[in-house]
Amino acid sequence: SSRGKFWYYQGSFTTPPCTGGVDFLVAQESVTVCASVITDFAAYLSSGDRVGDSYGQNARPIQPLNGRQIEVGAFGQVLNKPGE
């Protein structure tokens with residue numbers, strides 16, 4: 001089953017200044033959440049309580065891997081980050 005599987009990679013912010021240090025987890029299957037969770041999450045991202053631009057701004061095209069590795073894992077399993 002694909003439930004719980006994900007891809008992991010290290011990247012950078014998608015908005016200027018596009019600095020590195022971001023860990024991405026991309027689930028193979030979508031997750032359903034209620035509208036209030038999305039509203040609360042968007043409000044948090046736009047609140048100024050975090051560093052960066054507001055929710056919904058993705059100013060960067062897809063970037064080349066430049067030697068980075070994409071790891072495959074499953075939620076609940078221990079996954080070592082590349083280089084650890």
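Residues here are called buried under 20% relative accessible area, exposed over 50% and partly exposed in between, with a 1.4 Å probe and protein chains only. The model is a predicted one, so to speak of local features takes a pLDDT of at least 70, side-chain atom pairs count only at pLDDT 80 or more, and totals for chains, interfaces and linings use all residues. Residues are numbered from 1 along each chain as its sequence is written, and side-chain values use heavy atoms, with hydrogens and water left out.

Now the strands, which are DSSP runs of E of at least two residues, numbered from the N terminus. Two of them pair if DSSP finds at least two bridges between them. Strand 1 pairs with strand 2 in the antiparallel sense, over seven bridges, and four bridges join strand 1 to strand 3 (residues 71–74), again antiparallel. W7 has a bridge partner on either count: V26 in strand 2 and V72 in strand 3.

As for aromatics, rings of Phe, Tyr and Trp (its six-membered ring) pair if their centres lie within 6.5 Å; planes under 30 degrees apart are stacked, over 60 edge-to-face, and the rest tilted. Searching the whole structure turns up one such pair. Y9 and F24 are stacked, at 4.9 Å centre to centre with 15° between the planes. The pair links distant parts of the chain, with Y9 in strand 1 (residues 5–12) and F24 in strand 2 (residues 20–27), 15 residues apart. Y9 is partly exposed at 29% relative accessible area, and F24 is partly exposed at 24%.
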